[in-house]
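Trainee: I would like to learn how to read a metal site and a helix from coordinates. Where do we begin?

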Amino acid sequence: MDNCIFCKIIRKEIPCNKIYEDENILAFNDINPAAPVHFLLIPKLHIDSLTDIQDNHQSLLGKMLLLAPNLAKEQGCEDGFRTIINTGRVGGQEVFHLHFHIIGGRERLPAMIHQG
Ligand code: AMP
Ligand code: ZN
C-alpha cells in the first residue's frame, strides 16, 4: 500500500520508536500517547481494518493477541492495560491499517466511554 503511513513505517520510509519486530508483526510507540505506555501492534500485512479480516488471517491475529500481554508487561504495564481496536468511521479509526492500541501505565485508566 503505497500511501499507507504504517506500511511506510514497515518499509522504514518513516521512522518509528520500535519496541518489537518479527517476520509478520511490528510494534512501536504511538506518536501521540494517551498514557505513559501507549504503543501500536500492527501486522506487516496491510489489512484496512478489523472489518476486513479473513479466515486466513487467523494465525496472524492470534500471534498478535498472544504478543500483546508480553509486550505490555515489558513496557511496564505490570498491573493491566487496555487494548483498543478502533474500527471504521464510527469507531474513530484514523489510520486504515489494522492496529491494536496497547495503553497503560501505573494509574488506573479513565472510563473508556462516558455516558451522558
Ligand atoms: P486510530 O484512531 O485508531 O486510527 O489511531 C491511529 C493512531 O496512530 C493515533 O493514536 C496516532 O497518534 C498514531 N500515529 C499516527 N501516525 C503515527 C506515526 N507516524 N508514528 C506513530 N504513531 C502514529
Ligand atoms: Zn498499510
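Mentor: With a definition. Four donors count as tetrahedral if all angles lie between 85 and 135 degrees. Keep in mind that this model is predicted.

Trainee: Which residues coordinate the zinc ion (ligand 2)?

Mentor: Cys 4 and Cys 7 each coordinate through SG, and His 46 and His 97 through ND1. The distances run from 2.0 to 2.3 Å.

Trainee: What arrangement do the four donor atoms make?

Mentor: The general idea: ideal angles for four tetrahedral donors are 109.5 degrees. Here the angles are 104 to 116°, so the arrangement around the zinc ion (ligand 2) is tetrahedral.

Trainee: What spacing do the donors follow along the chain?

Mentor: The spacing is C-x2-C-x38-H-x50-H. Cys 7 sits in helix H1 (residues 5-10), while His 97 is in the loop between strand S4 (82-84) and strand S5 (100-104), so this pair ties together parts 90 residues apart in sequence.

Trainee: Are Cys 7 and His 97 buried or exposed?

Mentor: Both are buried.

Trainee: Now the helix. How many residues has H2, and what does H2 span?

Mentor: Compare the end-to-end reach with 1.5 Å a residue. Helix H2 (residues 58-74) has 17 residues and reaches 25 Å between its first and last C-alpha, close to the expected 24 Å.

Trainee: Where does the kink in H2 lie?

Mentor: At Ala 68, shortly before Pro 69, with a bend of about 30°. Ala 68 is also among the buried residues of H2, including Leu 67 and Leu 71.

Trainee: What do those buried residues pack against?

Mentor: Strands S1 (18-21), S2 (25-29), S3 (37-43) and S5. After H2 comes Gly 76, with a positive phi near 110°.

Technical notes. Residues are numbered from 1 along each chain as its sequence is written. Chains are lettered from A and ligands numbered from 1 in the order in which they are written. This is a predicted model: local features need pLDDT of at least 70, side-chain atom pairs count only at pLDDT 80 or more; totals for chains, interfaces and linings use all residues. Side-chain values use heavy atoms; hydrogens and water are left out. Donors are N, O and S atoms within 2.8 Å of the metal (3.2 Å for Na, K and Ca); water is not among the atoms, so sites may look incomplete. Four donors count as tetrahedral if all angles lie between 85 and 135 degrees; four count as square planar and six as octahedral if opposite donors are over 155 degrees apart and all others between 65 and 115; anything else is irregular. Helices (H or I, at least four residues) and strands (E, at least two) are DSSP runs, numbered from the N terminus. Buried means under 20% relative accessible area, exposed over 50%, partly exposed in between (1.4 Å probe, protein chains only). The expected span of a helix is 1.5 Å times one less than its number of residues. The bend at a residue is the angle between axes fitted to the seven residues ending there and the seven starting there. Contact means heavy atoms within 4.5 Å.
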